[in-house]
Amino acid sequence: MRNFVADQSQEASRPDAVIAVRKATMADLPSLLDLINGYAAGGLMLPRTELEMSESIRDFSVAEAGGRLQACGALHFYTPFSGEVRSLAVNPAAKGQGLGRRLLETLEAEARVFNLHSIFAFTYVSDFFRRLGFVEVERGELPLKAWRDCFRCPKFSSCDEIAVVKYLVPPNRALMHHPAEWQEQAPLPILKR
Ligand SMILES: CC(C)(COP(=O)(O)OP(=O)(O)OC[C@H]1O[C@@H](n2cnc3c(N)ncnc32)[C@H](O)[C@@H]1OP(=O)(O)O)[C@@H](O)C(=O)NCCC(=O)NCCS
């Protein structure tokens with residue numbers, strides 16, 4: 001595996017580098033895996049395999065400079081109303097230059113195109129998300145299906161990630177769960193005659 005950090009540091013520090021944000025393609029897979037699994041090795045993100053990444057490549061947007069991938073992020077749909085921001089990562093050498101913000105804004109714009117009511121994330125960097133309009137919530141407020149990844153996470157029994165949500169419609173009008181999932185979670189009371 002290439003050493004992503006060493007490879008990219010020179011490019012990322014160039015002040016004149018033109019940043020282009022676009023949807024990912026299969027050609028980005030090696031760089032995406034290097035970036036995400038580099039952070040996963042430090043316990044900051046969930047590791048991803050090539051197979052998983054291939055399945056979800058259409059979720060991903062990337063930022064590149066000088067033909068090199070500098071940042072990535074994914075929007076994964078869970079219900080007709082809500083999606084998760086996943087695998088948001090900036091090349092360590094390019095942090096603090098607004099790339100994380102640009103990626104997150106791109107994913108938010110995509111969510112609005114699909115008429116989502118909200119986007120959410122599980123994160124260790126809740127302050128970053130707060131700066132971009134997210135608020136902290138109880139994870140029980142999020143769709144059940146969003147917990148799927150948790151079952152294979154090494155920190156399953158001692159999770160310290162924070163759940164954050166950004167409402168794209170007024171919060172009192174935002175639906176999070178599919179009505180069917182709501183019924184599974186909290187059966188409607190049976191009315192007495
Ligand atoms: C978190 C991360 C995506 C931020 O990307 P970035 O490009 O460095 O952030 P930006 O330069 O776009 O910063 C945008 C704003 O957030 C703030 N910010 C950035 N990282 C922050 C952090 N860790 N904590 C608090 N605020 C942060 C910046 O100061 C900036 O604020 P401003 O607009 O008021 O000046 C990046 O540090 C990263 O890849 N971290 C490791 C992987 C990770 O934890 N990903 C999140 C998975 S949910």
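How many helices and strands does the secondary structure of the chain come to? Take me from there into the sheet.

Analyst: The secondary structure comes to 6 helices and 7 strands. Helices here are DSSP runs of H or I with at least four residues, strands are runs of E with at least two, and both are numbered from the N terminus. This is a predicted model: local features need pLDDT of at least 70, side-chain atom pairs count only at pLDDT 80 or more, and totals for chains, interfaces and linings use all residues. Residues are numbered from 1 along each chain as its sequence is written.

From the N terminus on, the elements run α-β-α-α-β-β-β-α-β-α-β-β-α. The chain has 193 residues, and 33% of them are buried. Buried means that 20 or more other C-beta atoms lie within 10 Å of the residue's own; exposed means 12 or fewer, partly exposed lies in between, and C-beta atoms are placed from the backbone. Among contacts with a separation of 6 or more, 72% link residues 24 or more positions apart. A contact needs C-beta atoms, placed from the backbone, within 7 Å.

Now the sheet. It is open, has 7 strands in the order β1-β2-β3-β4-β5-β7-β6, and its pairing is mixed. Two strands pair if DSSP finds at least two bridges between them. β1 (19-23) and β6 stand at the edges with a single partner strand each, so one side of each has no neighbour in the sheet. From one strand to the next, the twist averages 30°. Angles run from 0 to 180 degrees between N-to-C directions; axes are lines fitted to C-alpha atoms, for helices over the stretch in contact.

Look at β7 (residues 162-167). It runs antiparallel to β5, joined by 6 bridges. Serine 118 has tyrosine 167 of β7 as its bridge partner. β7 also pairs with β6 (residues 135-137), again antiparallel, over 3 bridges. Here valine 135 stands opposite valine 165, and valine 137 is bridged to alanine 163.

Next, the helices on the sheet. α2 lies across β2 (60-65), β3 (68-77) and β4, at about 80° to β3. α4 packs on the sheet too, touching β1, β2, β3, β4, β5 and β7, and its direction makes about 35° with that of β3.

α2 (residues 29-41) has 13 residues, which at 1.5 Å a residue should span 18 Å; its end C-alpha atoms are 18 Å apart, so the two agree. The expected span is 1.5 Å times one less than the number of residues. Ser31, Leu32, Leu33, Leu35 and Ile36 are the buried residues of α2. Just after α2, glycine 43 takes a positive phi of about 80°.

Beyond its neighbours within four places in sequence, alanine 74 contacts Ser56, Asp59, Phe60, Arg86 and Ser87. Its C-alpha atom is 8.3 Å from that of arginine 58, 16 residues away along the chain.

Last, the ligand. β4 (82-90), α4 (99-113), β5 (118-123) and α5 (126-131) each supply at least two residues of its shell. Of the 20 residues around the ligand, Lys95, Gly100, Arg101, Thr123 and Asp127 come nearest. A residue is near if its C-beta atom, placed from the backbone, lies within 6 Å.

Technical notes: Contact = placed C-beta atoms within 7 Å.
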